[in-house]
Amino acid sequence: MILRRWRTEDRESLRRINADPVVMEFYPSTLSNEESDKIIEGQRRHFDRYGFGLFAVELKKTESMIGWVGVQNVPIEAHFTPAVEIGWRIASEHWNQGYATEAAGRVLKFSFDDINLSEVVAMTYVGNHRSRRVMEKLNMAYNPRDDFDNSHPKLRDTWLMPHVLYRISSKKV
Ligand SMILES: CC(C)(COP(=O)(O)OP(=O)(O)OC[C@H]1O[C@@H](n2cnc3c(N)ncnc32)[C@H](O)[C@@H]1OP(=O)(O)O)[C@@H](O)C(=O)NCCC(=O)NCCS
């Protein structure tokens with residue numbers, strides 16, 4: 001697979017991923033086309049400003065864009081912020097083939113070797129076991145003392161508030 005920056009022609013594929021209720025099970029709702037397009041614009045700005053962001057994941061053999069894996073500044077205030085988080089979203093027809101873990105391994109190497117981060121965190125809804133499994137496979141550490149209520153405006157006062165935090169430091173990779 002290739003990890004690359006976003007292109008305008010990725011819009012269609014990303015709209016489909018963000019409109020899939022299976023992918024969006026642990027989010028308040030699926031996303032409209034406009035909301036999905038805004039993510040691409042937001043990530044372009046994030047890359048321009050910070051030199052990192054969520055990469056588009058492209059499969060070499062089909063040249064199709066199947067989701068994202070990357071690092072970005074945590075967009076909420078919490079006990080562990082400011083921090084940089086690793087995140088992933090993959091089209092459901094491509095799940096369980098190791099793509100998220102392989103891409104995330106590369107992104108961690110990039111984070112520590114190329115942009116010199118000292119720590120990367122990952123956070124998710126407590127019941128998102130697929131995502132937690134990826135964090136475990138990356139040797140990220142979970143400490144229940146880091147559990148927190150996600151204060152993102154879209155999550156406040158919903159069942160999705162309880163979040164777990166995993167951490168990995170540059171010394172572990
Ligand atoms: C989380 C996500 C990116 C994983 O992508 P992926 O490419 O399937 O990940 P991988 O194949 O590398 O690893 C998935 C692991 O989860 C495991 N898994 C799958 N379903 C599971 C479940 N219900 N409970 C526990 N583990 C599960 C798989 O068996 C695999 O682990 P294994 O290699 O030990 O067998 C993908 O499911 C996704 O996009 N989910 C929706 C978006 C999302 O929730 N993103 C995270 C928000 S924090």
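Predicted model: local features only at pLDDT ≥ 70, side-chain atom pairs only at ≥ 80, totals over all residues.
Figure 1. Trp88 places a backbone N or O atom 2.9 Å from a nitrogen atom of the ligand. The ligand taken alone exposes 980 Å², and the protein buries 76% of that (accessible areas by the Shrake-Rupley method with a 1.4 Å probe; for residues, only the protein chains shown count as cover).

**Figure 2. The shell around the ligand.** The ligand is surrounded by 21 residues (a heavy atom within 4 Å). Among the closest are Ile90, Gly98 and Lys137. The shell divides into nine nonpolar, eight polar and four charged residues (nonpolar: Ala, Val, Leu, Ile, Met, Phe, Trp, Tyr, Cys and Pro; charged: Asp, Glu, Lys and Arg; polar: the others, Gly among them).

Figure 3. β4 (84-90), α3 (99-114), β5 (119-125) and α4 (129-137) each supply at least two shell residues. The largest share, six residues, comes from α4. Helices (H or I, at least four residues) and strands (E, at least two) are DSSP runs, numbered from the N terminus.

**Figure 4. The chain behind the site.** The chain has four helices and eight strands. Buried residues make up 49% of its 173 residues (under 20% relative accessible area, 1.4 Å probe, protein chains only).

Residues are numbered from 1 along each chain as its sequence is written. Local features need pLDDT of at least 70, side-chain atom pairs count only at pLDDT 80 or more, totals for chains, interfaces and linings use all residues, and side-chain values use heavy atoms, with hydrogens and water left out.

Definitions and conventions:
Polar contact = N/O pair within 3.5 Å; in protein donor to acceptor, adjacent residues only side chain to side chain. Buried < 20%, exposed > 50% of the residue type's maximum accessible area, 1.4 Å probe, protein only.
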